[in-house]
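This report goes through one protein model part by part. Please look over the sequence and the structure shown here before reading on.

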Amino acid sequence: MSLFVPKFDESVIVREAEAEVVGRAPATVRLLADSSATGGALSTQRVTLVAGADGAKPHWHDNSAEMFFLLDGAADILSGDEVLTAGPGDLVVVPPGKPHAFAAVPGADADLLIVLAPGVERFEYFRHLRRIALGEVAPESLLEVQDLYDNHFLSSAAWDARRRGQAQGETV
């Protein structure tokens, strides 16, 4: 086991009114602290989703664990081949290399605090997603920056089945 000791001297304080907001409903991301602010310790953002909205498609990180803490609402979270529904106060930590995704469940909003540790410079990744949503760059451009942001996409039969079942109104 190796010990990673982050290098930063001052406490990181981000007031809600000062956080950069990327996107708007159905998916709003508040950029809280990037890896450069925390000496590499973590990257964190708050994601708010309206009922049934996708948060992130299935992907994995080679070098970081990802923590999901549900502040309010209900979210489906993919962890490997399992899809679980998280409620307020629930915590899910996905280890490096394990496929994961998240979305608000149909009929409920979701408000999540998300932390990657150790940190990766992620703010520009979220800005890139916004440029895709605005049509400024092609969705395929994400494939070009997967290594840069340690965000690697894949298909997940379990995730697709859950989301498809919910779209058809099935009880899952």
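## The largest pocket

Helix 1 supplies the largest share of the lining of the largest pocket, namely six residues. The model is a predicted one. In total, 31 residues line this pocket, and those nearest its centre are Ala27, Asp54, Gly55, Ala56 and Leu129. Strand 2, strand 3, strand 4 (54–60), helix 1 and helix 2 are the elements that give two or more residues to the lining.

The space in the largest pocket comes to about 690 Å³. By residue class, its lining consists of 18 nonpolar, six polar and seven charged residues.

Helix 1 covers residues 123–133, and its buried residues are Phe123, Tyr125, Phe126, His128 and Ile132. Among the elements that cover these buried residues are three strands, strand 1 (20–22), strand 2 (27–33) and strand 3 (43–49). Helix 2 (141–144), helix 3 (146–149) and strand 11 (152–153) are also included in that cover.

After helix 1 comes Gly135, which has a positive phi, near 80 degrees.

Six strands make up an open sheet with antiparallel pairing, in the order 1-2-3-10-5-8. Strand 1 and strand 8 (91–94) are the edge strands, each pairing on one side only. From one strand to the next, the twist averages 20 degrees.

Within this sheet, strand 3 pairs with strand 10 (residues 110–117) in the antiparallel sense, over seven bridges. Arg46 has Leu113 of strand 10 as its bridge partner. Helix 1 packs on the sheet and touches strand 1, strand 2 and strand 3. The direction of helix 1 makes about 160 degrees with that of strand 2.

Another open sheet has five strands in the order 7-6-9-4-11, with antiparallel pairing. Strand 7 (82–86) and strand 11 each have a single partner strand, so one side of each has no neighbour in the sheet. These two strands stand at the edges.

Strand 6 (residues 75–79) pairs with strand 7 in the antiparallel sense over five bridges. In this pairing, Ala75 stands opposite Ala86 of strand 7. Helix 4 (residues 157–167) packs on the sheet, where it touches strand 4, strand 6, strand 7 and strand 9 (100–104). The direction of helix 4 makes about 160 degrees with that of strand 6.

## Cis peptide bonds

Ala25 and Pro26 are joined by a cis peptide bond, with omega about 20 degrees. Pro26 belongs to the loop between strand 1 and strand 2.

A cis peptide bond also runs from Ala117 to Pro118, where omega is near -10 degrees. Pro118 lies in the loop between strand 10 and helix 1.

## Asp150

Asp150 is a residue other than glycine with a positive phi, near 50 degrees. Its place is the loop between helix 3 and strand 11.

Is Asp150 buried or exposed? Asp150 has a relative accessibility of 5%. A residue is called buried when this value is under 20%, so Asp150 counts as buried.

Key:
Residues numbered from 1 in each chain as written. Predicted model: local features only at pLDDT ≥ 70, side-chain atom pairs only at ≥ 80, totals over all residues. Heavy atoms only, no water. Buried < 20%, exposed > 50% of the residue type's maximum accessible area, 1.4 Å probe, protein only. Helix = DSSP H or I, 4+ residues; strand = E, 2+ residues; numbered from the N terminus. Contact = heavy atoms within 4.5 Å. 1 Å grid on protein atoms, 1.4 Å probe; cavity = no way out; pocket = protein on both sides within 12 Å on 5 of 7 lines; lining within 4 Å. Points joined across faces, edges and corners; volume = space filled by probe spheres on them. Nonpolar A, V, L, I, M, F, W, Y, C, P; charged D, E, K, R; others polar. Pairing = 2+ DSSP bridges. Axes fitted to C-alpha atoms, helices over the stretch in contact; angles between N-to-C directions.
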